[in-house]
Amino acid sequence: MQPLSALIQTVNVNGGLQFAVEVDHHREPQWTAAGQAQGLALRPLSQFYLGERKKSGWLLGYASLSNIQINSAVDTLKKCL
């Protein structure tokens, strides 16, 4: 299994309550569906664009999650990819 860093590229992680990650645009719909089926709240970046879809990935929030919940979500995400 590839490490997540080989599949996901973070975007402007300078702090805050959420961050964006980019993924291969051919794989994003399948990975989103798989993650959502496992209970992950994956919000596709494409829903935040008004015009033509420009980037594929997710907006990930972490403000209300404990470290244990974040680690569990990452483990679940790895299984979906």
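**Strand pairing.** I began with β2 and β4. Five bridges join these two strands, and they run antiparallel. I keep in mind that this is a predicted model. β2 covers residues 18-22, and β4 covers residues 57-61.

Next I checked β3, a strand of residues 43-44. Two bridges join β3 to β4, again in an antiparallel run. Here Arg 43 stands opposite Leu 59 in β4. I note that β4 is joined by bridges to β2 and also to β3.

**Cover on β4.** How many of the five residues of β4 are buried? I found that four of them are, which leaves the strand mostly covered.

**Salt bridges.** I looked for salt bridges with a 4 Å cut-off between nitrogen and oxygen. The count comes to two.

One of them links Lys 55 and Glu 22, with the closest N and O atoms 3.7 Å apart. Where do these two residues lie? Lys 55 is in the loop between β3 and β4, while Glu 22 is in strand β2. The two are 33 residues apart in sequence, so the pair ties together separate parts of the chain. Lys 55 is at 33%, so it counts as partly exposed. Glu 22 has a relative accessible area of 27%, so Glu 22 is partly exposed as well.

The other salt bridge joins the side chains of Lys 78 and Asp 75, at 4.0 Å from N to O. Both residues lie in helix α2, which spans residues 67-80. They sit three residues apart, about one turn of the helix. Lys 78 has 31% relative accessibility, so I marked it partly exposed. Asp 75 is at 39%, so Asp 75 gets the mark partly exposed too.

**A loop residue.** Last, I looked up Arg 27. Arg 27 lies in the loop between β2 and α1, a helix of residues 28-37. Is Arg 27 buried, exposed or partly exposed? At 40% relative accessibility, Arg 27 counts as partly exposed.

Methods. Residues numbered from 1 in each chain as written. Predicted model: local features only at pLDDT ≥ 70, side-chain atom pairs only at ≥ 80, totals over all residues. Heavy atoms only, no water. Helix = DSSP H or I, 4+ residues; strand = E, 2+ residues; numbered from the N terminus. Buried < 20%, exposed > 50% of the residue type's maximum accessible area, 1.4 Å probe, protein only. Pairing = 2+ DSSP bridges.
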